[in-house]
Amino acid sequence: MVSKVEQPSDGIDQLISESGDYITDVVKENLKLIRHTKGFSLDKLANRCGVSRAMLSQIEQGKSVPTISVLWKIANGLNVPFSELLKEKNQDGIHILKAENSKVLYSNSKVFASRALFPFLGNRKTEFYELILKPGGHEVAEPHKTGTTENLVVVSGKLRLRVGEKVVELDQKDSVFFKADVSHEYSNPTDQETLMYLVMDYTDEIG
């Protein structure tokens with residue numbers, strides 16, 4: 001696997017900073033509200049999601065920008081859709097999502113980026129994302145809640161996808177549908193960026 005790109009460009013650093021402040025403010029309020037509504041202490045949530053109490057406290061105080069992996073763990077621990085942690089105040093009518101105002105989440109290594117293509121307005125069973133995997137990039141996703149599925153299409157580049165013990169190779173315009181309640185991994189085996197679109201569906205158990 002090629003691993004030429006280890007650090008993001010200055011442009012990506014700026015995007016992280018710009019979207020990071022917004023994400024920090026939104027997540028801290030939603031996390032506190034959901035946690036208190038469910039009656040979870042920081043210690044109980046830490047035990048449920050595998051994120052340290054200290055990290056949860058920092059997120060609730062707006063002192064830390066959570067990564068994709070951390071948010072997934074917290075959402076699973078709270079038993080809510082990922083979007084519940086990023087939801088905005090409800091608005092009526094048409095929702096235009098301007099690219100420059102997008103909320104972008106990054107992996108720890110910064111080789112994997114996820115951009116939400118839907119408004120965060122509360123409970124929903126379907127989420128739509130743009131995913132970018134840098135050359136040589138590798139991202140491990142922990143199992144989502146039982147019944148969760150992913151439908152992914154490769155717009156450009158190549159993708160090596162592992163679902164459980166199975167590995168598939170996807171080229172440009174290929175798509176795949178799979179149950180995402182098992183461990184799965186996304187890898188880019190080339191020296192070119194991979195662009196994908198993902199539709200994630202939850203079961204009625206979530207929310």
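Predicted model: local features only at pLDDT ≥ 70, side-chain atom pairs only at ≥ 80, totals over all residues.

Colleague: How many bridges join β1 and strand β2?

Modeller: In general, strands of a sheet pair through backbone hydrogen bonds, either parallel or antiparallel. Two strands count as paired if DSSP finds at least two bridges between them. Here β1 and strand β2 (residues 112-116) share three bridges in the antiparallel sense.

Colleague: What do the labels α and β count, and in what order do the elements of the protein chain run?

Modeller: Helices (H or I, at least four residues) and strands (E, at least two) are DSSP runs, numbered from the N terminus. The protein chain has four helices and 10 strands. Starting at the N terminus, the order is α-α-α-α-β-β-β-β-β-β-β-β-β-β.

Colleague: Which six strands form an open sheet?

Modeller: Their order is β1-β2-β3-β10-β5-β8, with antiparallel pairing. β1 (104-106) and β8 are the edges; each has a single partner strand, so one side of each is left without a neighbour in the sheet. From one strand to the next, the twist averages 25°. For such angles, axes are lines fitted to C-alpha atoms, for helices over the stretch in contact, and angles run from 0 to 180 degrees between N-to-C directions.

Colleague: What are the partners of β5 in that sheet?

Modeller: Strand β5 (residues 149-156) pairs with strand β8 (residues 175-179) over five antiparallel bridges. Thr149 stands opposite Lys179 there, and Leu152 stands opposite Val176. β5 also pairs with β10, in the antiparallel sense over seven bridges, and Val154 faces Met196 in β10.

Colleague: Which residues of β8 lie on its covered face, and which on its uncovered one?

Modeller: Val176 and Phe178 make up the covered face of β8, whereas Ser175, Phe177 and Lys179 make up the uncovered one.

Colleague: What is the strand order in the open sheet of four strands?

Modeller: That sheet runs β4-β9-β6-β7, with antiparallel pairing. Its edge strands are β4 (138-141) and β7 (166-170), each pairing on one side only. Neighbouring strands in this sheet are turned by 15° against each other on average, direction ignored. Strand β6 (residues 159-163) and strand β9 (residues 184-187) pair over four antiparallel bridges, and Val163 has His184 as its bridge partner in β9.

Colleague: How many residues of α4 are buried?

Modeller: Buried means under 20% relative accessible area, exposed over 50%, and partly exposed in between (1.4 Å probe, protein chains only). α4 is mostly covered, with nine of its 11 residues buried; among them are Trp72, Ile74 and Leu78. Just after α4, Asn79 takes a positive phi of about 60°.

Colleague: Which residues have the most contacts inside the largest nonpolar core?

Modeller: A nonpolar core is a set of buried Ala, Val, Leu, Ile, Met, Phe, Trp, Tyr and Cys residues joined through side-chain atoms within 4.5 Å. The largest one has 45 residues, and Ile74, Leu78, Leu152, Leu159 and Tyr186 have the most contacts inside it. Helix α4 (residues 68-78) gives the largest share of this core, seven residues.

Colleague: Why does Tyr202 count as buried?

Modeller: Tyr202 counts as buried because its relative accessibility is 8%. Tyr202 is in the segment after β10 (194-201). Contact means heavy atoms within 4.5 Å; leaving aside residues up to four places away in sequence, Tyr202 touches Trp72, Pro81, Phe82, Arg124, Lys125, Glu127 and Thr148.

Note on methods: Residues numbered from 1 in each chain as written. Heavy atoms only, no water.
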